[in-house]
Amino acid sequence: MDIVFATNNLHKLEEIGALLGEKFRLIGLKDLNIIEEIPEDHETLEENASQKAWYIYKRTGHDCFADDTGLEVDALKGAPGVYSARYSRIGHPTFPDMEPAEGNIKKLLIEMEGEKLRSARFRTVIALVLGGKEYQFEGVVDGWITESSSGAKGFGYDPVFRPDGYKITFAEMDLALKNQISHRAQAVEQLVQKLKGM
Ligand code: IMP
């Protein structure tokens with residue numbers, strides 16, 4: 001079964017492709033020559049995931065899904081949350097010379113300097129548009145913001161996020177292990193159950 005994943009993020013395509021298994025052929029936006037920015041201008045993960053999935057459905061006519069993920073840090077009252085991707089570019093300080101992920105991590109570590117309460121969670125919402133109907137799935141992984149970066153695997157905030165029950169960050173884990181426990185894995189598991197039941 002062909003299904004479009006409304007993303008250009010190769011890390012995510014790889015992660016979710018591995019989770020979906022051979023029954024599904026995952027098509028990314030690059031495969032469809034869709035190169036424009038997909039609008040995501042809402043205040044919640046749910047609305048953004050929905051907006052992206054419907055945009056691609058209307059643009060291509062293909063069944064598709066889109067995800068939106070946020071890192072919610074308790075000491076920062078849930079920030080960066082829905083603004084996780086552009087965290088270092090809003091307000092002050094900004095790090096224009098850095099890669100976005102590097103700037104985001106630097107800003108987060110500065111905001112968390114001296115903070116004892118470092119609990120946080122990654123939350124993923126997937127919106128699936130199938131036959132013109134929408135379904136949503138959510139995955140959450142609780143964890144801890146480390147005091148410095150560790151590890152070189154993964155992407156985004158992985159080097160500073162240590163999931164509960166582990167002594168290493170996501171960036172120190174093999175993809176296979178991250179895929180067993182991650183927020184996205186949990187949401188994708190529900191997506192897969194839905195698709196397999198079709
Ligand atoms: P998006 O909704 O997937 O674009 O993600 C929003 C932000 O969260 C981006 O800055 C991503 O790099 C970050 N992010 C999403 N998923 C993960 C993850 O699994 N690990 C670390 N950072 C992530």
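1. Let's start with P80, which is found in strand β4, residues 80-81. Keep in mind that this is a predicted model. The peptide bond joining A79 and P80 is cis, with omega at about -5 degrees. As background, most peptide bonds are trans, so have a look at this spot when you go through the backbone.

2. While you're on the backbone, check N33 too. N33 is not a glycine, yet its phi is positive, at about 60 degrees. Most residues other than glycine have a negative phi. You'll find N33 in the loop between β2 (25-27) and α2 (45-60).

3. Now for the ligand. Where does the ligand sit? The answer is the largest pocket. There are 13 residues around the ligand, and the ones that come nearest are K12, D68, T69, D158 and R184. Sorted by class, the shell around the ligand is made up of five charged, four polar and four nonpolar residues.

4. Which elements each supply at least two residues of that shell? They are β3 (64-73) and α5 (183-196). Going by the numbering, D68 and T69 fall within the 64-73 range of β3, and R184 falls within the 183-196 range of α5.

5. On the D68 side, an N or O atom of the side chain is 2.8 Å from an oxygen atom of the ligand. With D158 the ligand atom is a nitrogen, and an N or O atom in the D158 side chain lies 2.5 Å from it. Y157 takes part through its backbone: one of its polar backbone atoms is 3.0 Å from a nitrogen atom of the ligand. As for cover, the ligand on its own has 470 Å² of accessible area, and the protein covers 88% of that.

6. Over to the strands. β5 (residues 119-130) and β6 (residues 133-145) pair in the antiparallel sense, over 12 bridges.

Technical notes
Residues are numbered from 1 along each chain as its sequence is written. This is a predicted model: local features need pLDDT of at least 70, side-chain atom pairs count only at pLDDT 80 or more; totals for chains, interfaces and linings use all residues. Side-chain values use heavy atoms; hydrogens and water are left out. A residue is near a molecule or strand if one of its heavy atoms lies within 4 Å of it. A polar contact is a pair of N or O atoms within 3.5 Å; within protein, one must be able to donate a hydrogen and the other to accept it, and residues adjacent in sequence count only if both atoms are side-chain atoms. Accessible areas come from the Shrake-Rupley method with a 1.4 Å probe; for residues, only the protein chains shown count as cover. On a 1 Å grid over the protein atoms alone, a cavity is a set of points where a 1.4 Å probe fits but cannot get out, and a pocket is an open set with protein on both sides within 12 Å along at least five of seven lines; lining residues have an atom within 4 Å of a point. A molecule sits in a cavity or pocket if more than half of its atoms lie within 2 Å of its grid points. Helices (H or I, at least four residues) and strands (E, at least two) are DSSP runs, numbered from the N terminus. Ala, Val, Leu, Ile, Met, Phe, Trp, Tyr, Cys and Pro count as nonpolar, Asp, Glu, Lys and Arg as charged, and the others, Gly among them, as polar. Two strands pair if DSSP finds at least two bridges between them.
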